[in-house]
Amino acid sequence: MTEPSGRPARAPKRPRSEGQWALGYHEPLNATERFKRDDDGLRVKERVLDRYAHQGFASIDPSDLRGRFRWYGLYTQRRQGIPGGRTASLSPEELEDEFFMLRVRIPGGSLTTEQLRTIGEVSTQYARDTADITNRHNIQLHWVRIEDVPAIWGRLEAVGLSTTEACGDTPRNMLGCPVAGVAEDEVIDGSAALASLAPYVGDPRFSNLPRKYKTAVSGCAQHCTIHEINDVAFVGVVGPDGEPGFDLWVGGGLSTNPMFGRRVGVFVAADRVADVWVGVTSIFRDYGYRRSRGKARLKFLMADWGPQRFREVLETEYLKEPLPDGVAPQPPTSPYRDHVGIHRQKDGRYYLGLAPRTGRMSGTLLQQVADAAEQHGSGRVATTIEQKLIVLDVPGDRVEALATRLDALGLPSRPSGFRRQVMACSGIEFCKLAIVDTKGRAATVIEELERRLPGWDLPVTININGCPNSCARIQTGDIGLRGQIVTTDEGEPVEGFQITLGGSLTAEVGFGRKVRGLRSTAAELPDYLERVLRRYADQRLPDDSFASWARRVDEAELR
Ligand code: SF4
């Protein structure tokens with residue numbers, strides 16, 4: 001066949017494959033897809049138990065060490081003493097230490113005091129007394145040796161905990177309201193719906209997803225699981241027939257290309273949550289993009305398809321039946337979506353929301369909290385996704401005594417606004433991708449702002465990341481701080497932060513505003529924060545949140 005020009009006609013160009021299994025593309029298109037195809041990440045557990053724990057760090061196959069270990073919450077931690085300026089120029093072998101971070105999975109943040117004590121004991125025995133509460137309910141331990149991992153798993157499993165799929169291209173720890181079932185103003189108790197998803201953790205049908213996959217089930221009026229930035233989220237609503245259930249959101253996520261989840265437009269009854277989760281997760285597995293790691297999250301598929309097509313595929317190909325139309329959730333009832341403070345439960349008892357500094361605990365402290373809770377009549381605690389800790393079910397006549405005891409342990413239930421609302425990722429202390437210190441810097445920021453602005457009572461979140469990733473959710477913080485090396489006026493490279501302002505997940509949902517060239521050295525950060533907060537307090541209109549002010553004013557006011 002020829003074209004009018006006489007040249008042979010070219011075959012029509014086939015669109016480039018994104019590696020979608022449902023379209024017949026099963027050949028791996030990158031190294032991660034290759035190691036996942038070669039052996040399921042879940043099978044690495046046998047090798048840890050049978051070989052690596054006995055033969056030591058040097059015996060670990062590289063594709064297990066830097067790949068499949070994540071399926072059990074294991075990452076090598078950063079070698080101590082490597083400055084942030086060298087992060088990008090070193091190989092993984094040079095950056096990593098022979099010790100591991102181990103992430104303990106805590107669905108919905110819910111723990112008995114026995115479980116909390118066990119994590120604390122594991123920490124003191126095997127992890128140099130480290131324990132950080134993360135922004136997805138997990139507790140991370142550091143300094144773990146491969147030789148000790150089987151004993152740690154045994155201790156955790158004995159109390160019903162695990163590290164399965166705490167990392168990797170899997171359904172990560174699932175978020176739930178930590179006060180589900182006892183919150184006075186909840187729309188629906190999401191506990192049973194969340195529990196119905198537990199059987200899918202460690203299920204080989206979902207252990208090779210295109211990328212990490214984040215789930216949230218929330219029923220509280222504060223929407224404390226921040227459903228807007230999860231891959232799949234079920235949000236408590238009163239359905240068309242007056243029965244409480246869930247509104248389905250899909251395709252949220254932050255990182256370097258942040259997107260908010262979209263309402264699919266369906267109502268999900270509580271007993272259908274598992275079916276719908278399986279359907280959405282199967283769509284991600286089958287249609288998700290597997291060529292580029294940077295485009296593999298579900299949000300990119302949702303951006304291309306839109307909610308209407310997503311719903312059509314979900315109903316016709318996976319559920320084989322239509323779902324009722326959904327109802328949009330009410331906005332959160334409070335600018336604080338964190339459950340910090342002392343609150344009455346619907347059964348007349350109380351919960352105490354405590355504010356450790358940026359989630360930093362220790363194994364010793366976890367055990368002390370378990371003891372204190374039990375001595376004051378509670379057997380239940382919960383971690384939050386704001387790096388906080390809650391003691392539940394406290395009888396009214398024990399509340400003040402427990403609050404005083406926890407205060408003495410450094411865990412205030414009536415914290416300053418800064419203590420409450422500063423969040424920080426792991427940073428250079430342990431993370432191989434980090435450029436700057438975060439937790440230490442956050443502690444300084446809290447201390448300085450408490451001293452400089454005593455009695456501050458306006459909600460302002462300050463989120464601190466150690467690199468361009470978004471583990472501390474910088475794009476949705478009122479003040480987002482992204483770690484980088486900056487140059488001083490004298491030309492010296494030092495730790496610093498690029499600053500965005502006015503991100504929010506409350507009434508004015510939106511990502512932070514970038515102001516050209518706005519950055520600060522780490523040393524000057526408290527001065528900058530004091531300056532911008534004072535301006536906000538001086539200039540705000542009666543109903544202004546920090547976000548609405550920061551989005552309205554001239555750039556000069558934000559410098
Ligand atoms: Fe590490 Fe960067 Fe995540 Fe912080 S944001 S924990 S530095 S990857």
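The model is predicted, so to speak of a local feature takes a pLDDT of at least 70 and side-chain atom pairs count only at pLDDT 80 or more, while totals for chains, interfaces and linings use all residues. Residues are numbered from 1 along each chain as its sequence is written, and side-chain values use heavy atoms, with hydrogens and water left out.

Strands and helices are DSSP runs numbered from the N terminus, with at least two residues (E) for a strand and at least four (H or I) for a helix. Two strands pair if DSSP finds at least two bridges between them. Strand β4 (residues 130-133) runs antiparallel to β13 and is joined to it by 3 bridges, and Asp132 stands opposite Arg360 in β13. Contact means heavy atoms within 4.5 Å. Angles run from 0 to 180 degrees between N-to-C directions, and axes are lines fitted to C-alpha atoms, for helices over the stretch in contact.

The other open sheet also has 5 strands, but its pairing is mixed and its order is β16-β17-β18-β19-β20. Its edge strands, β16 (422-424) and β20 (513-521), each pair on one side only. From one strand to the next, the twist averages 30°. Inside this sheet, strand β18 (residues 479-487) pairs with strand β19 (residues 493-501) in the antiparallel sense over 9 bridges. Gly483 stands opposite Phe497 in β19. Helix α13 (residues 439-452) packs on the sheet and touches β16, β17 (462-465) and β19, with its direction at about 170° to that of β16.

Strand β11 (residues 341-344) pairs with strand β12 (residues 350-354) in the antiparallel sense over 4 bridges, and Gly341 has Gly353 in β12 as its bridge partner. Their hairpin has 5 residues between the strands, and Gly348 takes a positive phi near 95° there. Strand β14 (residues 380-383) pairs in the antiparallel sense with strand β3 (residues 110-112) over 3 bridges. It also pairs in the antiparallel sense with strand β15 (residues 389-394), over 4 bridges. In the hairpin of β14 and β15, with 5 residues between the strands, Gln387 takes a positive phi near 65°.

Now for helices that pack on helices. Two packed helices are described by the angle between their axes and the distance between the axes. The axes of α10 (residues 363-375) and α11 (residues 399-408) come within 10 Å and cross at roughly 165°. That makes α10 roughly antiparallel to α11; angles over 145 degrees get that label, under 35 is roughly parallel, 65 to 115 is roughly perpendicular, and the rest is oblique. Val369, Ala372 and Ala373 of α10 make the contact with Leu402, Arg405 and Leu406 of α11. By class, these residues are 5 nonpolar, no polar and 1 charged. Nonpolar covers Ala, Val, Leu, Ile, Met, Phe, Trp, Tyr, Cys and Pro, charged covers Asp, Glu, Lys and Arg, and the others, Gly among them, count as polar.

Helices α2 (residues 44-55) and α6 (residues 149-158) have axes that come within 9 Å and cross at roughly 135°. They are therefore oblique to each other. In this contact, Lys45, Val48, Leu49 and Ala53 of α2 meet Val149, Pro150, Trp153 and Glu157 of α6, which divide into 6 nonpolar, no polar and 2 charged residues.

Helix α8 (residues 273-287) packs with helix α9 (residues 298-319) at an angle of about 125°, with the axes 10 Å apart. That makes α8 oblique to α9. Their contact has 13 nonpolar, 2 polar and 3 charged residues.

Finally, there is the ligand. Cys425, Ser426, Cys431, Leu433, Ala434, Asn465, Gly466, Cys467, Asn469 and Cys471 surround it, where a residue is near a molecule if one of its heavy atoms lies within 4 Å. This shell holds 6 nonpolar, 4 polar and no charged residues.
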